[in-house]
Amino acid sequence: MHPMQLEVLTPEKKLFSGEAKAVQFPGTDGLFQILNGHAPLIATLRAGDIRVETAQGATESIAINGGVVEVSNNVLSVLAQ
Amino acid sequence: MANLKELRNRIASVSSTMQITSAMKMVSAAKLKKAQDAVTQMRPYAVKLNAVLSNVSATLDASENPFAVERTVRRVLVLPVSSNRGLCGAFNTNVYKATRALIASYEAQGAQAEVWGVGKKASEPFRKLDLVTSDFNATMGAVSFAGAKEIGQKVMEAFTSGQVDAVYVVYNRFKNAAVQEVMAEQVLPIAAPAAEGPAAQSDYLYSPSKEEILLDLIPTTIKIQVFKALLDSVASEHGARMTAMHKATDNANSMRSELRLQYNKARQAAITNEILEIVAGAEALSG
């Protein structure tokens with residue numbers, strides 16, 4: 001299975017684009033984590049940090065101010081603000 | 001024959017005007033590139049947002065949506081997006097005319113109009129008519145999503161509180177550096193997203209519910225719509241200014257060569273005259 005792709009977009013620029021092993025989101029209903037091969041999902045996000053475990057094993061943190069995430073075909077698209 | 005000094009002065013003044021217009025043209029060309037990049041940056045976001053939105057709203061009844069309520073229009077809010085600076089051809093006049101036409105069509109139906117200026121140039125005439133109730137001219141100085149967000153929020157408040165029944169944004173859509181197209185777009189009430197074919201993927205998980213996601217997304221789409229109008233307008237402004245300054249430089253150039261020709265003719269005539277006088281003088285002496 002291909003590694004999971006993560007894209008974090010804002011209207012002004014691309015904050016992150018690349019492969020990830022696991023991604024933790026600040027969901028409106030609480031923190032949740034997405035692993036490789038997740039079922040299709042649409043969830044809203046509140047302000048907080050997206051914590052990305054990259055393919056190399058490093059952890060990256062991306063601050064967002066709310067938004068929405070769509071998971072489909074192992075591609076995670078985050079529309080942040 | 002015009003006098004030499006006068007012509008020299010005019011040539012100098014046309015030349016310095018030409019320097020200014022050609023510098024402005026170059027500055028606009030550089031800024032246009034930046035503005036175009038911003039438009040391109042925003043596009044994937046807008047496309048994705050629309051995809052998500054149509055996915056969520058495909059199976060939902062939009063009637064409960066507070067941003068889609070169709071009321072009889074008694075007060076219409078128009079946001080003419082223009083620039084804070086002139087010297088860009090018909091750019092601002094076009095926005096003004098389109099706004100004027102839109103307002104007139106609503107006034108004919110007995111509705112009142114209200115204008116929120118975004119950019120000085122097109123909203124200034126409405127200030128004289130006492131239609132301007134708020135302005136966001138500073139936003140046009142440096143367009144950012146934060147600025148668009150603020151405008152979007154205020155517009156939504158005005159709509160949901162019942163202060164206005166319809167909101168339009170009038171702006172120049174960027175086609176290419178030489179062509180801008182004036183658009184009057186309805187922002188609120190939002191049109192129900194067109195159902196694009198069958199709801200193909202209904203196996204999505206939603207967190208929280210679809211309804212709540214939709215309510216969260218709609219304000220974002222409105223802000224994005226405003227942001228897109230601002231970015232397009234900025235790109236169009238620089239395109240329009242570039243074209244206007246290019247023409248001005250060309251005109252100055254042809255004017256200068258005409259003046260040069262006149263100057264040279266006058267100079268030659270003066271020299272011929274002097275020689276004639278000298279020869280006549282010498283002849284008188286020898287005769």
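Biologist: What is the strand order in the open sheet of chain B, and what kind of pairing does it have?

Modeller: Keep in mind that this is a predicted model. The open sheet in chain B has five strands in the order 3-2-1-4-5, and the pairing is mixed.

Biologist: What makes strand 3 and strand 5 of chain B edge strands?

Modeller: Each of them has a single partner strand, so one side of strand 3 and one side of strand 5 of chain B have no neighbour in the sheet. On average, neighbouring strands of this sheet are turned by 25° against each other, ignoring direction.

Biologist: How do you know that strand 1 and strand 4 of chain B pair, and in which sense?

Modeller: Pairing takes at least two bridges between two strands. Strand 1 and strand 4 (residues 166–176) of chain B have five bridges, in the parallel sense. For one spot to look at, B:Leu79 stands opposite B:Val169 in strand 4 of chain B.

Biologist: Which helix packs on the sheet and touches strand 1, strand 4 and strand 5 of chain B?

Modeller: That's helix 4 (residues 145–160) of chain B, and its direction makes about 45° with that of strand 5 of chain B. Helix 5 of chain B lies across strand 4 and strand 5 of chain B, at about 40° to strand 4 of chain B.

Biologist: How many bridges join strand 4 to strand 5 of chain B, and how do they run?

Modeller: Nine bridges join them, and the two strands run antiparallel. They form a hairpin with two residues between the strands. Within that pair, B:Val167 has B:Leu188 as its bridge partner in strand 5 of chain B.

Biologist: What kind of peptide bond joins B:Leu188 and B:Pro189?

Modeller: A cis one, with omega at about -10°. B:Pro189 sits in the loop between strand 5 (179–188) and strand 6 (205–207) of chain B. There's also a cis peptide bond between B:Ser207 and B:Pro208, again with omega about -10°. B:Pro208 belongs to the loop between strand 6 and helix 5 (210–286) of chain B.

Biologist: Where do B:Ser207 and its strand meet chain A?

Modeller: B:Ser207, in strand 6 of chain B, is the bridge partner of A:Ala43. Strand 4 (residues 41–54) of chain A and strand 6 of chain B are joined by three bridges and run parallel.

Biologist: How many residues of each chain are in contact?

Modeller: On the chain B side 23 residues, touching 19 residues of chain A. Helix 1 (4–57), strand 6 and helix 5 of chain B each give two or more residues to that side. Helix 1 of chain B gives the most, with nine residues. By class, the chain B side has 15 nonpolar, five polar and three charged residues.

Biologist: Why is B:Leu87 called partly exposed?

Modeller: Buried needs 20 or more other C-beta atoms within 10 Å, and exposed means 12 or fewer. B:Leu87 has 15, so it counts as partly exposed. Its phi is near 55°, a positive value in a residue other than glycine. You'll find B:Leu87 in the loop between strand 1 (75–80) and helix 2 (91–108) of chain B.

Biologist: Is B:Asp130 buried or exposed, and how do you know?

Modeller: The cut-off for exposed is 12 or fewer. B:Asp130 has 8 other C-beta atoms within 10 Å, so it is exposed. B:Asp130 also has a positive phi, about 65°, although it is not a glycine. The residue lies in the loop between helix 3 (120–128) and strand 3 (132–135) of chain B.

Biologist: How do you know that chain A agrees with a compact globule?

Modeller: For 81 residues, a compact globule would have a radius of gyration near 12 Å; chain A has 11 Å, so the two agree. Its C-alpha atoms fill a box of roughly 30 × 20 × 20 Å along the principal axes. Chain A has zero helices and six strands, and 32% of its 81 residues count as buried.

Biologist: How far apart are the C-alpha centres of the two domains of chain B?

Modeller: They lie 54 Å apart. The domain assignment gives domain 1 as 4–24 + 248–286 and domain 2 as 33–192 + 202–243.

Terms used:
Residues are numbered from 1 along each chain as its sequence is written. Chains are lettered from A and ligands numbered from 1 in the order in which they are written. This is a predicted model: local features need pLDDT of at least 70, side-chain atom pairs count only at pLDDT 80 or more; totals for chains, interfaces and linings use all residues. Domain bounds come from an automatic or database domain assignment. Helices (H or I, at least four residues) and strands (E, at least two) are DSSP runs, numbered from the N terminus. Two residues are in contact if their C-beta atoms, placed from the backbone, lie within 7 Å. Ala, Val, Leu, Ile, Met, Phe, Trp, Tyr, Cys and Pro count as nonpolar, Asp, Glu, Lys and Arg as charged, and the others, Gly among them, as polar. Axes are lines fitted to C-alpha atoms, for helices over the stretch in contact, and angles run from 0 to 180 degrees between N-to-C directions. The radius of gyration is taken over C-alpha atoms; the globule rule is 2.2 Å times the number of residues to the power 0.38.
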